Amino acid sequence: MPTASRGAPDEADVAPTASVDDLLERAAGGDQQAFAQVYDALSSGVFGTCLAVLRDRDHAAEVTQEVMLELWRTAPRFDRRRGSARTWALTLAHRRAVDRVRSVQAERARDQRVMDTHLERPFDVVAEEVEGTMDRARVRQCLGGLTPTQHEAVVLAYYGGRTYREVADQLATPVATVKTRIRDGLIRLRDCLGVER
């Protein structure tokens, strides 16, 4: 057993410290222990890069794991002549984080579109009162008392669920005219049905 009587360690007892580049090259050959050291050396920098882009710790942690897994899987492609292992890892981290931002934004936009198409259109208070308090026969009778243009506009808007713009497009009529027809038709309906203001 070697002794350290002179205060200097025996050369055989000192393991040279491997660079991250060397460790990643060893990991490329399947050395899991070397990759554990690569992980320890690079994961905090990768996390910091992801956090700077994403500004969300949970997303940054997920992307960090994806990047580190990608480093393990693609280690054989590492070429130190093109840059250091640290540079490669941080570049991957930045790209992945930007991809995540785009993905999250696209998902939010999709969700918003779904919500917009599935939300019921708000109905006018008069129409809600009419449908909620009067029977259908009375409503039909009062609708029959409208002018043909009022009847058509009111039915399209409140029973067809169309906006003023959509009614105007369908009737090939200016929006202002459609609004007037609907307003006048609703006033006549209210009076006919005896709905109080």
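Read along the sequence, the chain runs α-α-α-α-α-α-α-α-α. That comes to nine helices and zero strands. The model is predicted. The chain has 197 residues, and 29% of them count as buried. Among contacts with a separation of 6 or more, 61% link residues 24 or more positions apart.

**Helix H1 and the residue after it**

- Helix H1 spans residues 20-28.
- Its buried residues are Asp 21, Leu 23, Leu 24 and Ala 27.
- These four cover an arc of only 160 degrees around the axis, so they lie on the same side of H1.
- In general, an α-helix has 3.6 residues a turn, so residues three or four places apart point the same way.
- Gly 30 follows H1, and its phi is positive, near 100 degrees.

**The loop between H2 and H3**

- Helix H2 covers 32-54 and helix H3 covers 57-74.
- Arg 55 sits in the loop between these two helices.
- The phi of Arg 55 is near 60 degrees, which is a positive value in a residue other than glycine.
- Is Arg 55 buried or exposed? Arg 55 is exposed, because its relative accessible area is 71%, and the cut-off for exposed is over 50%.

- Arg 95 has 55% relative accessibility, so it counts as exposed.
- Arg 100 has 14% relative accessibility, so it counts as buried. The cut-off for buried is under 20%.
- Leaving aside residues up to four places away in sequence, Arg 100 touches Leu 54, His 59, Glu 62, Val 63 and Glu 66.
- Arg 95 and Thr 49 are 46 residues apart in sequence. In space, their C-alpha atoms are 9.9 Å apart.

**Packing of H8 against H9**

- Two packed helices are described by the angle between their axes and the distance between the axes.
- Helix H8 spans residues 164-171, and helix H9 spans residues 175-193.
- The two axes come within 9 Å and cross at roughly 105 degrees.
- H8 and H9 are therefore roughly perpendicular to each other, since that class runs from 65 to 115 degrees.
- On the H8 side, the contact residues are Tyr 164, Arg 165, Val 167, Ala 168 and Leu 171.
- On the H9 side, they are Val 175, Val 178, Lys 179, Arg 181 and Ile 182.
- How many nonpolar, polar and charged residues does the contact of H8 with H9 have? By class, there are seven nonpolar, no polar and three charged residues.

**The loop between H8 and H9**

- Ala 172 is found in the loop between H8 and H9.
- The phi of Ala 172 is near 55 degrees, a positive value in a residue other than glycine.
- Ala 172 has 71% relative accessibility, so it counts as exposed.

Conventions. Residues are numbered from 1 along each chain as its sequence is written. This is a predicted model: local features need pLDDT of at least 70, side-chain atom pairs count only at pLDDT 80 or more; totals for chains, interfaces and linings use all residues. Side-chain values use heavy atoms; hydrogens and water are left out. Axes are lines fitted to C-alpha atoms, for helices over the stretch in contact, and angles run from 0 to 180 degrees between N-to-C directions. Angles under 35 degrees count as roughly parallel, over 145 as roughly antiparallel, 65 to 115 as roughly perpendicular and the rest as oblique. Contact means heavy atoms within 4.5 Å. Ala, Val, Leu, Ile, Met, Phe, Trp, Tyr, Cys and Pro count as nonpolar, Asp, Glu, Lys and Arg as charged, and the others, Gly among them, as polar. Buried means under 20% relative accessible area, exposed over 50%, partly exposed in between (1.4 Å probe, protein chains only). The arc is that of the directions from the helix axis to the C-beta atoms.
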